[in-house]
Amino acid sequence: NARLREKVGKSSARKVRRAGDMVPAVCYGKGSTPIHIEISTSAVRKAISTPYKLNTLINLKISSDKESFEKMVLIKDVQKDVFGKKILHMDFLEVKEDVPVVVKVPIKLVGKAKGVAEGGILQQTMRELEIKCLPKDIPISIEHNITNLGIGGAIHVKDLNIPANAKPVVDKDRTVAVI
């Protein structure tokens, strides 16, 4: 649940933050005008406490004194204080079910590489992969088994098990990990 903000700017954003659990936010998307809202930080933390984390699809219910409507959104940006604890501002990206989006998905290397057992060092140079897919097809993570990877071996984006309905945005020859 979110509430429309009539006033925007630095002073009104501070008032929203002082009100307690609320934080100022903006919701925007291609072809739509930005909407300034205020939202509960505890509600957002609860919504993203899924395995998808920041790639969780959120059904945002926006209301005001005059109207009420819903938008399907993804979290685009979260601004936190210096200590990284308190949320100061959020950006939501409006998505449509039939329009592909670009998201960052974590890369998880599974297993123990034989090159590491032989004395090599595993260096994972890429921890997230930008992919383009429909919102309903966003994977939790991309896992890759590295047990057969020896010294001097490398994993590239083209070697990853990317779902068929998703395409990587980066170059397919980019290195993900090396021993």
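The following legends describe close-up views of a predicted model.

In this model, local features need pLDDT of at least 70 and side-chain atom pairs count only at pLDDT 80 or more, while totals for chains, interfaces and linings use all residues. Residues are numbered from 1 along each chain as its sequence is written, and side-chain values use heavy atoms, with hydrogens and water left out.

**View 1. S40 lies in strand 3.** Strand 3 covers residues 32-40; strands are DSSP runs of E with at least two residues, numbered from the N terminus. S40 is buried, its relative accessible area being 15%. Here, buried means under 20% relative accessible area, calculated with a 1.4 Å probe on protein chains only.

**View 2. The side chain of S40 makes polar contacts with those of D21 and S42.** The contact with D21 is 2.5 Å, and the one with S42 is 2.9 Å. A polar contact is a pair of N or O atoms within 3.5 Å; within protein, one atom must be able to donate a hydrogen and the other to accept it, and residues adjacent in sequence count only if both atoms are side-chain atoms. When residues up to four places away in sequence are not counted, S40 touches D21 and M22, where contact means heavy atoms within 4.5 Å.

**View 3. C27 and C133 are buried cysteines.** A disulfide is a pair of cysteine sulfur atoms within 2.5 Å, and by this rule the count is zero. C27 is in no disulfide, because the nearest cysteine sulfur, in C133, is 19 Å away, too far for a bond. The relative accessible area is 1% for C27 and 2% for C133.

Definitions and conventions
Helices (H or I, at least four residues) and strands (E, at least two) are DSSP runs, numbered from the N terminus. Buried means under 20% relative accessible area, exposed over 50%, partly exposed in between (1.4 Å probe, protein chains only).
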